[in-house]
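These are my notebook entries from a first reading of this model. I wrote down each term with its cut-offs when I came to it, and then what I looked up.

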Amino acid sequence: STVWLVVATVIGLSSYEALNSLSAAMQSAVEVSGGGERLDALDVAVPRGTASWPGDPTIRLIDVTVEEEDHVLVRGATLTIVPGSHLALVGESGVGKSTLLRALAALDDVASGTILVGDIELSAIDEGELRRHVAYVVSEPGFTRGFAIDVVSLGRPSTRDPHADLGSLGLMSNQSTRFDELSRGERVRVAVARS
């Protein structure tokens with residue numbers, strides 16, 4: 001009977017291990033499927049306009065409302081940003097400063113209202129034209145690990161000298177300057193150089 005007790009215990013333990021492995025495999029499959037569904041949701045082509053960048057780059061917000069996940073963050077914003085001026089958006093965390101900036105960069109849609117560049121609606125401007133003139137730099141750049149100069153040119157060819165671009169922002173770099181070893185402010189400078 002001792003032998004049968006040992007055999008039953010071994011069978012029970014091996015079944016437990018098999019069930020744990022099966023459970024882990026099923027959990028991974030569910031996570032991969034969920035990730036695929038989220039990526040599919042992002043794969044919606046938003047039609048962009050064909051207009052050129054206007055000669056007057058004054059930005060006007062007219063009664064703009066910005067929402068995030070059905071929460072109104074900015075309501076009825078009316079604002080004019082004249083070229084060469086500086087603007088600071090201040091407020092508590094979570095009130096919609098970054099969301100409004102993302103809308104100004106045409107990375108998020110507005111719930112209502114209009115954003116104009118000159119006399120042209122932001123959504124009517126050609127994507128390539130828009131990206132040549134407007135860049136959005138996040139407050140906490142989450143780029144990959146690697147060398148700072150590689151992050152500057154990640155994913156796109158450039159004839160610019162990344163060391164010179166970083167130097168113009170006060171960040172002296174060389175071939176071995178690692179992005180993940182930079183301070184938060186230095187990482188933001190790398191993000192600005194990338195923009």
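I began with exposure: buried means under 20% relative accessible area, exposed over 50%, and partly exposed in between, with a 1.4 Å probe and protein chains only. I noted that this is a predicted model, in which local features need pLDDT of at least 70 and side-chain atom pairs count only at pLDDT 80 or more, while totals for chains, interfaces and linings use all residues. Residues are numbered from 1 along each chain as its sequence is written, and side-chain values use heavy atoms, with hydrogens and water left out.

**Entry 1: the whole chain.** I looked up the secondary structure and found six helices and four strands, where helices (H or I, at least four residues) and strands (E, at least two) are DSSP runs numbered from the N terminus. Along the sequence they follow the pattern α-β-β-α-β-β-α-α-α-α. Of the 195 residues, 24% count as buried. Taking a contact as heavy atoms within 4.5 Å, I read that among contacts between residues at least 6 apart in sequence, 64% join residues at least 24 apart.

Entry 2: Four strands form an open sheet in the order 2-1-3-4, with antiparallel pairing. Its edge strands are strand 2 (71-81) and strand 4 (120-121), each of which pairs on one side only; two strands pair if DSSP finds at least two bridges between them. I then followed strand 1 (residues 59-68), which pairs with strand 2 in the antiparallel sense over seven bridges, and I noted that Val-66 has Val-74 in strand 2 as its bridge partner.

**Entry 3: two positive phi values.** Asp-63 lies in strand 1 and has a phi near 50 degrees, a positive value in a residue other than glycine. I recorded Asp-63 as partly exposed because its relative accessibility is 46%. Glu-69, in the loop between strand 1 and strand 2, also has a positive phi near 50 degrees. At 70% relative accessibility, Glu-69 counts as exposed.

**Entry 4: Thr-99.** Is Thr-99 buried or exposed? Its relative accessible area is 9%, so Thr-99 is buried. I placed Thr-99 in helix 2 (residues 97-104). Its side chain makes a polar contact with the side chain of Glu-68 at 3.2 Å; a polar contact is a pair of N or O atoms within 3.5 Å, where within protein one must be able to donate a hydrogen and the other to accept it, and residues adjacent in sequence count only if both atoms are side-chain atoms. Leaving aside residues up to four places away in sequence, Thr-99 touches Val-66, Glu-68, Leu-73 and Asp-108.

**Entry 5: Leu-154.** Leu-154 sits in the loop between helix 4 (148-152) and helix 5 (162-168), and with a relative accessible area of 38% Leu-154 is partly exposed.
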